[in-house]
Amino acid sequence: MLRIEQLTKRFGANAAVDNVSFTIDKTAMIGVIGASGAGKSTLLRMINRLADASEGTIAFQGRDVTRLTGSARRKWQSECAMIFQQFNLVPRMDVVSNVLHGTLNRRSTFSTLFNLYPTEDIHTAIEILDRLGIADHAPKRAEALSGGQQQRVAIARALMQDPQIILADEPIASLDPMNAQIVMDALRRIHEEDGRMVIANLHTLDTARRYCDRVIGMRMGRVVFDGTPDQLTTGVARDIYGAGAEFSEAATSTDINALAEARHAVTA
Amino acid sequence: MLRIEQLTKRFGANAAVDNVSFTIDKTAMIGVIGASGAGKSTLLRMINRLADASEGTIAFQGRDVTRLTGSARRKWQSECAMIFQQFNLVPRMDVVSNVLHGTLNRRSTFSTLFNLYPTEDIHTAIEILDRLGIADHAPKRAEALSGGQQQRVAIARALMQDPQIILADEPIASLDPMNAQIVMDALRRIHEEDGRMVIANLHTLDTARRYCDRVIGMRMGRVVFDGTPDQLTTGVARDIYGAGAEFSEAATSTDINALAEARHAVTA
Amino acid sequence: MTDASLSMIDRQQAAQALFKRKRLISVAVPAVILLYLTYIFFAFDVMGLAERARLDNAMTLIRDTYSYKTHVTRANRSGEVTIAKEGERPATWPEGQSPDWVAIDGETVTIDLPRGHSVLFLPDQTAVYRHPEFGDITAKLDPSVTIDIPEDALPEWISYSRTRLDIRTEAGRLTMTRAKTEVFRYFFGWELFWYTLDSPYHGTPVWTLLFGPQIDADRSNIAGAWQDFWANPLWHHGKVAWAIGETILMAFLGTMGAALVALPLAFLAARSFTPVVVVRQLVRRVFDFVRGVDALIFTILLSRAFGPGPLTGALAILLTDTGSLGKLFSEALENVDQKQIEGVSSTGAKPLQRYRFGVIPQITPVLLSQVLYFLESNTRSATIIGAITGGGIGLMLTQAIITQKDWEEVSYYIVLIVLMVIFMDWLSGILRRRLIKGGGH
Amino acid sequence: QEITEFRIGILGGDNVQSRLNNYQCFADYIAEELNVEVKLFTPADYNGVIQGFLGGTLDLAWFGASSYAALHLQDPSAGEPIAVKTNLDGSYSYHSIGFARKDSGITSVEGLEGKVFGFGDPNSTSGYLIPSVEIPAQYDVTMESGDFFGEVKFTGGHEQTIVAVYNGDIDAGVTWADGLGNWEDGYNSGALRRAVDNGLVDMNELVQIWQSKPIPEGPVTIREALPADVKEKVTALVLGLYEKDQECAYNVAFGETAGFFPITHEAYETIIEVRKKKIDG
Amino acid sequence: MTDMTQGGAPLAATQDSYMAMVRQKRLYSGIAILVFVVLLVSGFRVANDRNAGGFFDGIHRIFDFPADVVGEAWEKRADLAGLLWKYLPDLIETLNIAAVATLLGAALGLVLSLLSTRGMARWPVLIPLFRRIMDVTRALPEIVVALVLIYMLGGGPIPAMIAIALHTAGALGKLYSEVNENADLKPVDGLTSVGATWSQKMLLGVMPQVAPNYLSYGLLRFEINIRASAILGFVGAGGIGYELRNSMAWGPGRFDEAAAIFILLFVTIVVVDQLSSSLRNRLSEGAKQ
Ligand SMILES: Nc1ncnc2c1ncn2[C@@H]1O[C@H](COP(=O)(O)OP(=O)(O)OP(=O)(O)O)[C@@H](O)[C@H]1O
Ligand SMILES: Nc1ncnc2c1ncn2[C@@H]1O[C@H](COP(=O)(O)OP(=O)(O)OP(=O)(O)O)[C@@H](O)[C@H]1O
Ligand SMILES: [Mg+2]
Ligand SMILES: [Mg+2]
């Protein structure tokens with residue numbers, strides 16, 4: 001389905017993503033892990049075409065999307081939804097309007113400029129919100145919501161696009177453990193129930209292990225690991241993060257249970 | 001020396017300080033304790049004449065200071081220095097200038113406006129700062145200092161006034177335990193070495209016990225305890241704070257050692 | 001970090017040096033300002049001000065703002081007597097009528113002034129000013145002006161030459177020349193503010209207007225009273241209202257037009273939206289240019305194309321404010337949060353949609369509050385611009401000032417202008433609070 | 001060729017409403033005659049009217065001789081003179097009058113050396129153009145500040161000049177008067193008379209120090225590009241106004257008049273020459 | 001607390017209530033847009049109607065006048081330098097009027113603002129009085145005050161200066177009191193406790209906090225006042241505006257002078273604008289630190 005071939009992105013002399021190739025054959029939930037600056041965000045932004053690739057190709061279902069422009073590119077973007085670490089919602093607009101932004105590509109520019117969305121879209125939006133458990137907040141402004149709720153609005157917006165792929169760039173990095181779990185559960189559920197492909201950049205190993213079918217590890221722009229969660233041992237993790245022996249997973253864990261243990265460890 | 005008689009302060013129908021009388025005969029270090037809203041701050045603000053008393057009198061060395069106005073009031077204020085919980089320094093001014101503000105009452109408005117402080121005042125200010133261990137920070141802006149350092153600048157300003165009484169309104173409530181100790185030590189030292197009267201509102205019993213010669217307990221505007229630190233038993237404390245049997249001193253303690261214990265208690 | 005090597009003396013000296021610097025600054029800044037003001041004192045000749053100042057002008061002005069005068073004039077050749085408020089035609093008493101303080105008995109006219117003063121017009125081109133303390137001053141045309149006064153020396157309130165006599169007291173004023181003899185008597189208030197003398201409603205109490213019998217057979221009292229008030233030929237309340245309206249209209253059209261033009265241009269001037277340096281710099285320079293050319297100059301330059309009137313003023317405001325608002329908007333645009341735009345872009349939104357949802361909601365509060373602020377301050381500018389292009393209350397005001405006599409009208413306009421500006425200030429405050437707190441879209 | 005409205009620009013040293021009021025009767029007559037809406041405008045100064053004619057946004061106005069010259073020099077085909085106001089004696093000229101305060105001791109232009117001299121509006125004939133040419137010619141001085149006069153400035157208009165001299169802000173100034181009647185009344189008509197009638201100045205305090213040769217009254221001018229029949233009708237109306245309605249003629253002329261007489265461009269050629277010379281330096 | 005467990009309203013009810021809200025919003029924004037458009041269009045038509053020349057009749061002539069001015073100025077470009085030099089003193093007078101008016105206005109505005117800020121006021125009961133004073137001085141257009149003062153004080157720069165200063169006092173006073181309201185009162189309390197007088201408290205406790213903002217607003221005002229001072233010259237208050245008016249009024253023959261004055265004024269405004277905006281940027285960065 002998704003074929004990445006020799007994808008490279010250079011910022012000046014520095015290659016943020018360096019000759020990355022991998023193929024995803026069937027709908028799956030894929031985690032991308034790696035240290036800060038490893039190139040995870042850049043990779044996802046290239047897939048969504050928010051950033052242009054320097055070299056290489058991205059092909060989806062046989063179609064090369066790497067060099068689409070204009071409305072073809074926008075069409076592709078509407079098929080591959082993106083979720084951001086900082087949610088990237090419009091804070092002064094209400095929740096449903098934010099979700100409805102997922103339909104912008106489909107609807108005429110004119111009518112959307114005046115917020116004239118079809119009633120069935122509005123109903124769908126509220127259904128999606130309901131599915132994510134935040135339908136009650138529908139009329140509120142996005143900025144009035146908590147982080148976890150905002151991220152769920154972002155997921156709802158992604159679903160509203162009815163995309164084939166959902167790209168999630170560290171969706172839980174700004175969230176507390178409680179909300180992190182809710183958001184990851186939601187993503188997994190969408191993957192399972194709707195059969196959409198999910199590619200999520202993740203900061204923490206245990207999240208990747210717990211939710212993903214396949215994990216890609218990046219380091220300095222290159223893919224250094226590609227396998228199932230089981231294959232992701234502490235030794236491999238040390239390689240990915242370039243860490244020494246003092247590396248302990250617990251310090252970066254966001255699992256609620258792990259957290260309680262960690263606290264013990266600190267105070268003890 | 002200081003005689004408070006039937007002092008009352010009403011805000012609307014509510015009496016913040018209610019018919020308080022006590023006498024301090026000799027230079028001492030006195031702690032005033034009580035729950036939030038007990039009227040401690042109001043009492044001190046009335047003594048310094050930052051607030052006007054509704055009824056009653058405050059007499060110092062036989063002189064009634066309760067109803068002074070204009071320059072007589074300012075004169076009295078210069079004799080009884082005040083230290084605030086939030087330091088109340090001029091943050092954008094340098095430390096020495098802040099200390100020199102202690103001399104404002106003595107100097108003409110005109111000369112202070114042009115920073116025409118006498119050289120001996122500047123020298124004295126530095127000496128005081130040195131005594132408090134912060135002379136190195138003299139040229140820095142007050143806002144650049146840590147809380148404990150700022151509070152010591154405030155004490156220096158108070159000393160610069162060469163006051164007969166130092167009133168301190170929860171001087172350590174905004175400070176971490178380390179700085180709290182430094183500041184309380186400084187106050188005690190001033191009391192002992194210079195023989196100035198110190199009246200300090202305190203939040204915590206153990207501080208009062210440790211530093212004060214006499215403790216006054218207030219509750220809902222009234223004095224409900226007046227005695228030596230020894231007489232301040234846990235039972236009396238429960239009365240003062242209106243707390244039930246679950247009251248544990250450790251929870252409000254600022255003593256560094258007590259703190260470590262408390263944390264154990266919480267996490268355990 | 002305590003530096004142990006520093007001794008107390010060092011520190012004290014350092015502090016002293018610090019204070020020397022501070023002292024220098026705190027003395028130097030006021031000293032420079034003082035020096036500048038001294039220079040201005042001489043450059044503007046403040047000393048000469050006392051000499052130039054005309055207190056009597058100030059008094060006239062102040063008196064005119066709360067009082068008016070009625071002229072009683074006798075043309076010396078024909079002997080005809082006219083009585084008119086402020087000497088204006090529409091405020092002339094009809095032939096044969098007179099106010100109760102003027103008694104006309106053939107050729108003899110008795111005019112009572114306050115404080116026991118009075119003036120007599122006698123036959124043979126003679127007039128007598130009766131001053132209760134000073135005595136009678138008799139003036140006669142023979143054929144030049146001759147006077148007869150009880151004392152030898154002329155008091156300073158009498159100005160006399162063989163061609164002209166002018167007596168000014170706190171009670172009134174008498175002038176006599178070969179052409180005419182004229183008495184001014186001052187009254188409290190604005191003359192004929194509600195109705196002129198020819199209106200049937202003149203002097204009718206409000207109570208009678210509302211509930212009394214119909215005064216004019218053709219019109220109901222309220223309608224008639226309103227018509228006569230609105231069309232008052234001395235005060236022209238209707239025209240003044242139009243002028244105020246025109247002024248606000250200039251401000252409104254100018255500001256809103258400028259906002260509508262400036263918004264799209266601001267995108268071209270903002271770094272984050274127009275990467276092409278040439279375009280950006282060009283648009284910015286255009287902004288700087290129209291901002292630097294004041295609305296006043298535009299007003300003059302546009303007067304050829306559009307002639308006098310409110311549209312010219314509105315266009316001048318529009319041009320200048322396109323520059324100011326454009327600059328402010330582009331600054332606001334450069335400060336927008338890219339995350340929101342990216343979020344909207346990632347859904348495949350078209351460029352216009354990107355601006356509409358990624359940018360506009362963010363800058364709306366800045367935009368609205370600036371536009372409303374400009375609207376308010378442009379009301380004042382429109383007053384001034386009107387004085388030059390020929391429109392609105394500003395023109396009425398300046399022209400009334402130029403006549404140097406219609407001070408009661410000047411006061412009326414000033415009051416209205418102040419009320420108008422305060423009203424716009426209040427209105428823009430309300431809108432600002434409503435719109436910015438409320439929905440952002 | 002049809003017109004949809006007729007626009008009149010009104011100048012004169014009176015406030016806006018009086019001007020509008022004075023012209024209302026005239027506007028009504030034109031509206032009746034032409035069957036179109038008539039609009040009245042009160043530009044702030046001569047330049048406003050000149051620009052209105054140059055841009056074709058005003059159809060009729062009573063120019064001053066100098067401002068007509070300015071118009072003609074910029075665009076000879078912008079407007080054509082149709083009528084001139086006459087005085088009661090049938091003449092149509094007036095004078096520029098130089099005056100000073102009596103207590104200043106100044107009695108003639110010679111006494112003005114080093115003093116402050118005030119003109120009115122730069123486009124005024126009697127308030128600037130004529131005195132600025134005749135005085136230098138007569139006394140062999142220049143009108144540059146700091147040369148013979150200490151300072152030469154523009155006050156903005158006749159009224160301001162009178163008040164400025166009376167108040168002592170400037171030492172002497174020029175304004176207009178018909179030169180008939182008595183000085184103490186401010187003559188029979190003109191800016192001085194109006195100031196006296198309004199109680200602004202006491203003529204005992206002022207003296208005349210100079211008088212120009214007769215200056216022709218400015219022309220009532222119509223926009224040349226108007227359709228011929230419109231021009232004809234309006235001209236006839238202006239010329240016949242005094243017969244038709246004396247009161248209205250009084251209002252339009254801002255004072256006593258024997259009516260409007262026909263006049264042509266030729267009457268102003270001298271003034272145009274003077275102004276042209278002034279422009280060319 | 002997770003919302004997933006929350007019962008909430010049934011889906012259909014949420015949809016309906018949201019749709020109702022949307023309809024209402026559409027109605028309101030529709031009305032708002034309609035009202036705005038109607039106001040704009042009818043306003044334009046009224047203005048067009050009351051103007052001597054129509055917008056569409058005149059638009060092609062928009063550059064005629066500027067072209068005349070530029071044309072003549074270009075023809076006589078050799079004299080330009082001399083003219084610039086000739087009018088420099090007038091420009092300086094205009095700048096002086098603006099500068100003094102800004103200084104005096106700022107000083108007065110400062111006192112007014114301190115007297116009308118809660119917590120700082122010398123006489124708290126008089127706060128409303130000082131507020132009203134600011135409102136009225138702010139509402140008075142400079143031109144009104146200037147013309148009246150010219151009548152009373154004679155011509156020259158002083159009436160203009162007073163007029164601008166008065167307006168500046170009101171305008172800055174309002175901005176300053178907003179700044180004051182955001183100032184921290186704790187230092188003032190601190191200074192009260194050492195027995196400082198009101199002026200000491202204001203100068204030592206408040207000024208250091210608000211000075212950068214004051215200065216920045218003051219500079220902005222200076223820019224505005226330069227224009228105001230030039231405009232007042234136009235109605236007879238001296239300075240470069242007076243010269244501009246005379247040369248513009250005379251028309252051809254003196255357009256070169258008009259152009260020279262215009263260049264002087266324009267360059268000054270742009271230079272002051274650039275200087276003050278860079279200075280203000282530095283101040284606001286300083287204030288943030
Ligand atoms: N717009 C840009 N311009 C220049 N360099 C960039 C840009 N965006 C990213 N980079 C660089 O590319 C490299 C990869 O960045 P990227 O954001 O993809 O990493 P990441 O794995 O997402 O890290 P993080 O976990 O911090 O989000 C980094 O070195 C970064 O500095
Ligand atoms: N300015 C004021 N206006 C109205 N009520 C006030 C004011 N200042 C204090 N009070 C009230 O007076 C009572 C006593 O307040 P005070 O600040 O003296 O208490 P405290 O013992 O210092 O408490 P804390 O420990 O919280 O500082 C409280 O009920 C408070 O709400
Ligand atoms: Mg990233
Ligand atoms: Mg307290």
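The expected span of a helix is 1.5 Å times one less than its number of residues. In this predicted model, helix α9 of chain E falls short of that span.

**Helix α9 of chain E**
- α9(E) runs over residues 198–237 and has 40 residues.
- Its end C-alpha atoms are only 39 Å apart, whereas a straight helix would reach 58 Å.
- α9(E) bends by about 65° at Met207(E). A proline, Pro208(E), follows within four residues.
- Of the 40 residues of α9(E), 28 are buried, so the rest of the structure largely encloses this helix.

**Contact between chains E and B**
- Chain E contributes 21 residues to the contact, and chain B contributes 28 residues.
- About 2000 Å² is buried between the two chains, with 61% coming from carbon and sulfur atoms.
- On the chain E side, Ser193(E), Val194(E) and Leu204(E) lose the most area to chain B. Together they account for 30% of what that side buries.

**Chain C**
- An unreviewed UniProt entry annotates residues 24–44, 240–259, 382–404 and 410–427 of chain C as "transmembrane region".
- Residues 24–44 of chain C are 95% helix and 0% strand, and the end C-alpha atoms lie 29 Å apart.
- Residues 382–404 of chain C are 83% helix and 0% strand, with end C-alpha atoms 23 Å apart.
- Chain C is divided into domain 1 (72–188) and domain 2 (237–435). The centres of these two domains, taken over C-alpha atoms, are separated by 55 Å.

Notes:
Residues numbered from 1 in each chain as written. Chains lettered and ligands numbered in written order. Predicted model: local features only at pLDDT ≥ 70, side-chain atom pairs only at ≥ 80, totals over all residues. Heavy atoms only, no water. Helix = DSSP H or I, 4+ residues; strand = E, 2+ residues; numbered from the N terminus. Bend = angle between axes of the 7 residues up to and from the residue. Buried < 20%, exposed > 50% of the residue type's maximum accessible area, 1.4 Å probe, protein only. UniProt positions renumbered as here; feature names shortened; annotations may be inferred. Domains from an automatic or database assignment. Contact = heavy atoms within 4.5 Å. Buried area = accessible area lost by both parts, 1.4 Å probe.
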